[in-house]
Amino acid sequence: MNYPLISEYIEAIKSAEDNFKELTNLRPVFSDDRQPVMTSGNFAVVFKMQDVESGKFYALKCFTKEQEGRGEAYRQIADALKDVDSPYLVSLRYLDKELFVDTEQTSETEFPVLLMDWVEGKTLDKYLRENLDDKYALEMLAYRFSQLAQWLIPQPFAHGDLKPDNILVREDGSIVLVDYDGMYVPAMNGQKARELGSPDFRHPLRTENDFDEHIDDFPLVSIQLSLKAISINSHWLEEYGAPDRLLMSAKDYIEFKECLFLKEQAPFENTTLNRIVALFLFLFTKSINTSLCLQLLLIIENEEYPIITSEDEIIYAWKDEKGVRYSLDRKRLLKSPIIDWIRGDYYIQPETKVICKSALCNCWGFEKAILPKGLVKIGDNAFYTCRSLKSIVIPNSVSDIGKWAFYHCSLVSLSIPNSVRHIGEWAFAGCEDLKCLNLSNGISKLENGVFSGCYELEKVVVPKSVRSIGKNAFSYCKKLKTIYLPEGIRVIGENPFIGCENLQSIVVPRETQWWYEHLLPDDKDKIVESVPQMGSLFTIS
């Protein structure tokens, strides 16, 4: 069957009220040049329409090429999805012989259309490229896509053509899938695929016989790998990506050992990204029909949750009995209520993985925070100036403590577990009551000002894992008398002990006496500026 030209469809749509059989309430939305708002692809043209009674917008798909079994396929898809309540999908309705078109391409005058909810958004590729300088947007996109994958993998249906053009990102950052031409639903069991999807995202061994609920597994992991990597280093998209694809291409799948991105960058410092790569390799080497639901879900469960929040996310958040706002899955603590609302002890929800940036800052009322087992990150400014906070136990699951996280709290003792790999700048600065400090042996650097102004500290043992100490790291620790430095120390920033007026000795292992003796003169001068007669303070153990 032949179909009208796009120009013939445009003329028919301009007089929509006269040319529809059932959809007579729909009118085209016009652009500034008085032409219908539309997009076109290989098999169809899509018009933006509005219902004149409800005001609701729709996408109307008109076909330009024949596809065998299309009508029956769309009826099966519509029937399978009618009871699926998900923000990731749009409703659709296939109407045969719905639109009258005056065409010279065929003797037919009535043609089928597909009616879908209109999604106002940008394609994933466009959204990525417009937000390469916005780390929050990139982290949230990777996180939200992981949630989409977690939902989609166990479903009895599959999209069939996952690629950036078919993934729209709304203004609020939420994701929705469009273009269901290649979708599989259970009623299609035993059929051949009508299309195979983009070569840059499908498994290289996929054929038309591979048509079941698992055809999305490979593209989901491939896209997740790229999004996670780009959220870590946005420059990788420009370096390894290209228009209409992400970090890997069909050629990379065929000649996998020569994939430039993985060859040059893997293994990664980020554990989650390495796990996604491992799952990707497993998917790549196994049969396309292998079910990997449980393995994929396990990886996604361990995804690093973003520590930054958006206004929309906070507005629609879940609240506990104290009024503290959490993400809907309770995995992220987003925001506390007014300053003194929380009193006494505060128990953070047991499912929480991340305390987001500034989540509990300026909460003056509570004295003890009970952190859940399984917590992974404490974001920047998380407990900033919680002046009454005296007690906190950091569980042995936390890997990262953000900048200024506990600034000006009233902590008396602090034990950093060995799971912690990074503590941000000025994280515990101004904790004037801190007397007892036990540091993690997993930290490689003490950042700038990390314990500045901890007046009550008298002794510090820097763990063996530390290689560098930032500037002002222990500045104005007025009661600090002794600090033990490890043998692996290599770098010390400016003025690490300035204002430590009672400092009596800096103990260095005998094996590393060279550390002080071989400093450049300028570096020695900096240290001397930090503490007068620094040389005399060194004790060789």
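# Rings, strands and cavities

Phe-451 and Phe-474 are both buried. Here buried means under 20% relative accessible area, exposed means over 50%, and partly exposed lies in between, with a 1.4 Å probe and protein chains only. This is a predicted model: local features need pLDDT of at least 70 and side-chain atom pairs pLDDT 80 or more, while totals for chains, interfaces and linings use all residues. Residues are numbered from 1 along each chain as its sequence is written, and side-chain values use heavy atoms, without hydrogens or water.

Start with the rings. The structure holds 26 aromatic pairs. Rings of Phe, Tyr and Trp (its six-membered ring) pair if their centres lie within 6.5 Å; planes under 30 degrees apart count as stacked, over 60 as edge-to-face and the rest as tilted. Phe-451 and Phe-474 form a stacked pair, 5.8 Å centre to centre with 15° between the planes. Phe-451 sits in the loop between β22 (445-446) and β23 (459-461), and Phe-474 in the loop between β24 (468-469) and β25 (482-484). Strands (E, at least two residues) and helices (H or I, at least four) are DSSP runs, numbered from the N terminus.

Phe-474 has another partner. Its ring centre lies 6.3 Å from that of Phe-497 and the planes meet at 20°, so this pair is stacked. Phe-497 is buried, as is Phe-474. Ring pairs join these residues into a cluster: Tyr-346, Phe-366, Phe-383, Phe-406, Phe-428, Phe-451, Phe-474 and Phe-497.

Now the strands. Two strands pair if DSSP finds at least two bridges between them. Three strands form an open, parallel sheet in the order β22-β24-β26. β22 and β26 stand at the edges with a single partner strand each, so one side of each has no neighbour in the sheet. Two bridges join β24 and β26. Ile-469 stands opposite Ile-492 in β26.

Other strands pair too. β13 (residues 344-347) and β15 (residues 366-370) run parallel over four bridges. Tyr-347 faces Ile-370 in β15. β15 is also joined to β17 (residues 391-392) by two bridges, again parallel. There, Lys-368 has Ser-391 as its bridge partner.

Some loops have backbone details to look for. Asn-381, in the loop between β16 (377-378) and β17, has a positive phi near 60°. At 17% relative accessibility, Asn-381 counts as buried. Tyr-476 lies in the loop between β24 and β25. Its phi is also positive, near 60°, but Tyr-476 is partly exposed at 42%. A cis peptide bond, with omega about -5°, joins Ala-266 and Pro-267. Pro-267 is in the loop between α9 (260-265) and α10 (271-285).

Finally, the cavities. A cavity is a set of points on a 1 Å grid over the protein atoms alone where a 1.4 Å probe fits but cannot get out; lining residues have an atom within 4 Å of a point. There are five cavities of 30 Å³ or more.

How values were computed
On a 1 Å grid over the protein atoms alone, a cavity is a set of points where a 1.4 Å probe fits but cannot get out, and a pocket is an open set with protein on both sides within 12 Å along at least five of seven lines; lining residues have an atom within 4 Å of a point. Grid points are joined across faces, edges and corners, and a volume is the space filled by probe spheres set on the points.
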